[in-house]
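Subject: Structure handover

Dear colleague,

I am passing the structure below on to you, together with a summary of what was found in it. Please read the summary with the coordinates open beside it.

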Amino acid sequence: MSVAADANSYDAWFCAQVKAALEDARAGTSQVQVMQAAQALIDAKRQVEPKT
């Protein structure tokens, strides 16, 4: 398989993934919710591990 064929294959796959994501009607997660969850994980980790 040539590089061009691989690129065309990837482009088709990528476009299909983007289209499916744009058409997905499920509710998403806001950036604020994601950042709050990440901060909670960071805070929990800091409580478990002592600082060096």
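Overall form

The secondary structure of the protein consists of two helices and zero strands. Its radius of gyration is 20 Å, well over the 10 Å that the globule rule gives for 52 residues, so the protein is more spread out than a compact globule. The C-alpha trace, taken along its principal axes, spans about 55 × 35 × 10 Å. Of the 52 residues, 0% count as buried, and the protein exposes about 5,000 Å², of which carbon and sulfur atoms supply 61%.

A pair of aromatic rings is described by the distance of the centres and the angle of the planes. With a cut-off of 6.5 Å between ring centres, the count comes to two aromatic pairs. In the pair made by Tyr-10 and Trp-13, the ring centres are 5.6 Å apart and the planes stand at 35 degrees, so this pair is tilted. Tyr-10 and Trp-13 are separated by about one helical turn, because they are three residues apart in helix H1, which covers residues 3-23. Trp-13 has a relative accessibility of 45% and therefore counts as partly exposed.

The other pair joins Tyr-10 to Phe-14, with ring centres 6.0 Å apart and planes at 25 degrees, so that it is classed as stacked; the limit that matters for this assignment is 30 degrees, under which planes count as stacked. Tyr-10 and Phe-14 are four residues apart in helix H1, and they too are separated by about one helical turn. Phe-14, at 41% relative accessibility, counts as partly exposed, and Tyr-10 is also partly exposed, with a relative accessible area of 46%.

Taken together, the ring pairs link Tyr-10, Trp-13 and Phe-14 into a cluster. Those residues also contribute to a nonpolar surface patch of about 550 Å², which is made by Tyr-10, Trp-13, Phe-14, Val-18 and Leu-22.

Salt bridge and loop

How many salt bridges does the structure hold? There is one salt bridge in the structure, and in it the side chains of Arg-26 and Asp-24 meet at 2.6 Å, N to O.

Thr-29 lies in the loop between H1 and helix H2, the latter running over residues 31-48. Its relative accessible area is 58%, so Thr-29 counts as exposed; the cut-off for that class is over 50%.

In short, what I am handing over is a predicted model with two helices and zero strands, in which Tyr-10, Trp-13 and Phe-14 are linked into a cluster by ring pairs and Arg-26 and Asp-24 meet in a salt bridge.

With kind regards

Conventions
Residues numbered from 1 in each chain as written. Predicted model: local features only at pLDDT ≥ 70, side-chain atom pairs only at ≥ 80, totals over all residues. Heavy atoms only, no water. Phe/Tyr/Trp six-rings, centres within 6.5 Å; stacked < 30°, edge-to-face > 60°. Buried < 20%, exposed > 50% of the residue type's maximum accessible area, 1.4 Å probe, protein only. Patch = residues over 30% accessible without salt bridge, like charges linked within 9 Å, V, L, I, M, F, W, Y side chains within 5 Å. Areas by Shrake-Rupley, 256 points an atom, 1.4 Å probe, with all protein chains shown as cover. Salt bridge = Lys/Arg side-chain N within 4 Å of Asp/Glu carboxyl O. Rg over C-alpha atoms; globule rule 2.2 N^0.38 Å.
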